[in-house]
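Hi,

Here is the structure I promised to pass on. Have a look at it first, and my notes follow below.

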Amino acid sequence: MTRTHQDPTPSPWAPVPQSYSHKRNADETLLTSWRRTGPDSFLISARWPEVHPFYTTRMAGTDPLLFGETIRQCLPTLSHAAYEVPLGHHLLWETYDYELAADDPAGLSAAPAPAPDRPHDAPREIVLHADCHDVTRRGTRASAATVRIRALQGDRLIGTATTRFSIQTPAVYRRLRGEYADIAHALERRLPPPTPLAAPEAGRPRPYDVVLSPTDIPGRHRLRVDTGHPVLFDHDVDHVPGMLLIDAARQAAHAASPVRPARAVGMTTRFSRYVEFDAPCWVETAPDPAAPDRLLVTARQHDRECFTASVALAAEPAASAPLPLDRCGAA
């Protein structure tokens, strides 16, 4: 039985249906179960693969994109499971801020060495502690919320995140998006992806996963959108996904970093407009005037700001190694 804000008692663990993650490929579903612990507090369990064709799961520290995708999947899961949001409603990301736990000399944030009876490719078990704040509702269902999440592996903190999102009915979304709400129409108008930036500059092991294209202007790239990418475009959508913009910010900051390889250990993002498929989007990187130790990445389309990210970088631990290309899947 669905529990609502009128029935806030703790609940037993329940499985997370694949549809709640808004992923078509079952292999990309990271969340496994959830339970309510208070009126607006929850536990969510996740399983991180030991090897993945897109996320760099063998790095000595946590892959910020794997962390981000886990947080993203929490938002539709909580909406559908705990706040009576029907499937088919649209989630609009407004903000996403995260900070990964600092790596210590012992490498506590790294995946632990397999036990003798543990398969080498066994997944990592993660528990996310989620607290929802400023929940607004239309009737009984939620229409917006702020979620604060702490992710732990055992008793070790992996990272924290705070994110704000809103929810629109299909009818409201169609009015909001106009002609772009037609996915087939939006995809017909998409531009072909330009030449990728050199993979080492973007901090990627293979060109197929690079989402930036070089330009003649220092600190400026063109967003590279390949709608055939099996992870970033797990299913057809009518605009550039938020996770692709987050990866673009990470790659742009890496390209501007004097230290390589570098990891995006923290990010403060704001989503202000949709990025469409039918026009170039320019990604600009500069020192963040509000935070001297960070880089400010801004995505603009039609000379309008669509997305910003203040990115904190740290050198990759020495134990980090990219996934071998022959383990990355077909390009």
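A question to start with: is Cys306 buried or exposed? Cys306 has a relative accessibility of 2%, so it counts as buried. Please keep in mind that this is a predicted model.

On the cysteines, the search of the whole structure turned up 0 disulfides. Cys306 is in no disulfide, and its nearest cysteine sulfur, in Cys281, is 5.6 Å away. Cys132 is buried too, with a relative accessible area of 8%. The cysteine sulfur closest to that of Cys132 belongs to Cys74, and at 9.5 Å it is too far for a bond.

Next, the largest pocket. The space in it comes to about 1200 Å³, and 46 residues line it. Nearest its centre are Leu91, His235, Val237, His239 and Pro241. Among the elements that each supply at least two residues of this lining are helix 1 (64-82), strand 4 (90-100), helix 5 (242-256) and strand 13 (304-315). Sorted by class, the lining has 27 nonpolar, 10 polar and 9 charged residues.

Finally, a word on confidence. The average pLDDT of the chain is 89, and 86% of the residues score at least 70. In residues 1-5 the pLDDT is below 50, and the model gives this stretch 13 contacts beyond near neighbours in sequence. Residues 104-120 also stay under 50 in pLDDT, with 22 contacts beyond four places in sequence.

Best wishes

Definitions and conventions
Residues are numbered from 1 along each chain as its sequence is written. This is a predicted model: local features need pLDDT of at least 70, side-chain atom pairs count only at pLDDT 80 or more; totals for chains, interfaces and linings use all residues. Side-chain values use heavy atoms; hydrogens and water are left out. A disulfide is a pair of cysteine sulfur atoms within 2.5 Å. Buried means under 20% relative accessible area, exposed over 50%, partly exposed in between (1.4 Å probe, protein chains only). On a 1 Å grid over the protein atoms alone, a cavity is a set of points where a 1.4 Å probe fits but cannot get out, and a pocket is an open set with protein on both sides within 12 Å along at least five of seven lines; lining residues have an atom within 4 Å of a point. Grid points are joined across faces, edges and corners, and a volume is the space filled by probe spheres set on the points. Helices (H or I, at least four residues) and strands (E, at least two) are DSSP runs, numbered from the N terminus. Ala, Val, Leu, Ile, Met, Phe, Trp, Tyr, Cys and Pro count as nonpolar, Asp, Glu, Lys and Arg as charged, and the others, Gly among them, as polar. pLDDT is the predictor's confidence in each residue, from 0 to 100. Contact means heavy atoms within 4.5 Å.
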